[in-house]
Amino acid sequence: MPPITRDEVQRVALLARLRLADAELDRVALELGAILGYAETLGRVDTQGVEPTFHVVPLATPLREDRAAPPMDPELAVANAPERDGTAFVVPKVIDGEEAV
């Protein structure tokens, strides 16, 4: 696998909406390259005959009774919200082109 370039790191950072300083670009490129190299190594492991959900330690999956419970008081739910409108959380708009409802 070829090493990750600064341009690729900048593109991924842009898509992830991350701001990286020039000094960070080289470090992140090396770190991402190491992560992808490790994933490539794992891809070479022979997993024939291994169940997809196999775990080395047997784990019990505890279940609880599925029953309806009273809802949380809406006032309590938004009590610590930095900004609210009645019993709704106010958050910044993140998708362009949609009208407010």
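Val 45 is found in the loop between helix 2 and helix 3. The model is a predicted one. At 46% relative accessibility, Val 45 is partly exposed, because that value lies between the limits of 20% for buried and 50% for exposed. Val 45 and Met 72 are 27 residues apart in sequence. In space, their C-alpha atoms lie 48 Å from each other.

Val 50 belongs to the loop between helix 2, residues 22–43, and helix 3, residues 74–77. The relative accessible area of Val 50 is 46%. That makes Val 50 partly exposed. Val 50 also takes part in a nonpolar surface patch.

## Helix 1 against helix 2

Two packed helices are described by the angle between their axes and the distance between the axes. Helix 1 spans residues 6–15. Its axis and the axis of helix 2 come within 9 Å. The two axes cross at roughly 100 degrees. That makes helix 1 roughly perpendicular to helix 2, because angles from 65 to 115 degrees count as such.

Which residues meet where helix 1 and helix 2 are in contact? From helix 1 come Arg 6, Val 9 and Gln 10. From helix 2 come Asp 22, Leu 25, Asp 26, Val 28, Ala 29 and Leu 32. Charged side chains are part of this picture: Arg 6, Asp 22 and Asp 26 are linked in a network of salt bridges.

Leaving aside neighbours within four places in sequence, Ala 13 is in contact with Leu 18 and Leu 20. Ala 13 and Glu 31 are 18 residues apart along the chain. Their C-alpha atoms are separated by 14 Å.

Arg 17 is found in the loop between helix 1 and helix 2. Arg 17 is exposed, at 74% relative accessible area. Most residues other than glycine have a negative phi. Arg 17 has a positive phi, near 60 degrees.

## Salt bridges

Side chains of opposite charge can pair when their charged atoms come close. How many salt bridges does the model hold? The count comes to seven.

One of them joins Arg 27 and Glu 24. The closest N and O atoms of Arg 27 and Glu 24 are 3.8 Å apart. The pair qualifies because the limit for a salt bridge is 4 Å. Arg 27 and Glu 24 are three residues apart in helix 2, so they are separated by about one helical turn. Arg 27 is partly exposed at 41% relative accessible area. Glu 24 is also partly exposed, at 28%.

Glu 40 and Arg 44 meet through their side chains in a salt bridge of 3.6 Å, N to O. Glu 40 is partly exposed, with 34% relative accessibility. Arg 44 counts as exposed, with 58%.

Glu 75 forms a salt bridge with Arg 84. Here the closest N and O atoms are 2.5 Å apart. Glu 75 is partly exposed, at 40% relative accessible area. Arg 84 is partly exposed, at 35%.

Notes: Residues are numbered from 1 along each chain as its sequence is written. This is a predicted model: local features need pLDDT of at least 70, side-chain atom pairs count only at pLDDT 80 or more; totals for chains, interfaces and linings use all residues. Side-chain values use heavy atoms; hydrogens and water are left out. Patches are made of residues with over 30% relative accessible area and no salt bridge: like charges are joined within 9 Å, nonpolar side chains (Val, Leu, Ile, Met, Phe, Trp, Tyr) within 5 Å. Accessible areas come from the Shrake-Rupley method with a 1.4 Å probe; for residues, only the protein chains shown count as cover. Helices (H or I, at least four residues) and strands (E, at least two) are DSSP runs, numbered from the N terminus. Buried means under 20% relative accessible area, exposed over 50%, partly exposed in between (1.4 Å probe, protein chains only). Axes are lines fitted to C-alpha atoms, for helices over the stretch in contact, and angles run from 0 to 180 degrees between N-to-C directions. Angles under 35 degrees count as roughly parallel, over 145 as roughly antiparallel, 65 to 115 as roughly perpendicular and the rest as oblique. Contact means heavy atoms within 4.5 Å.
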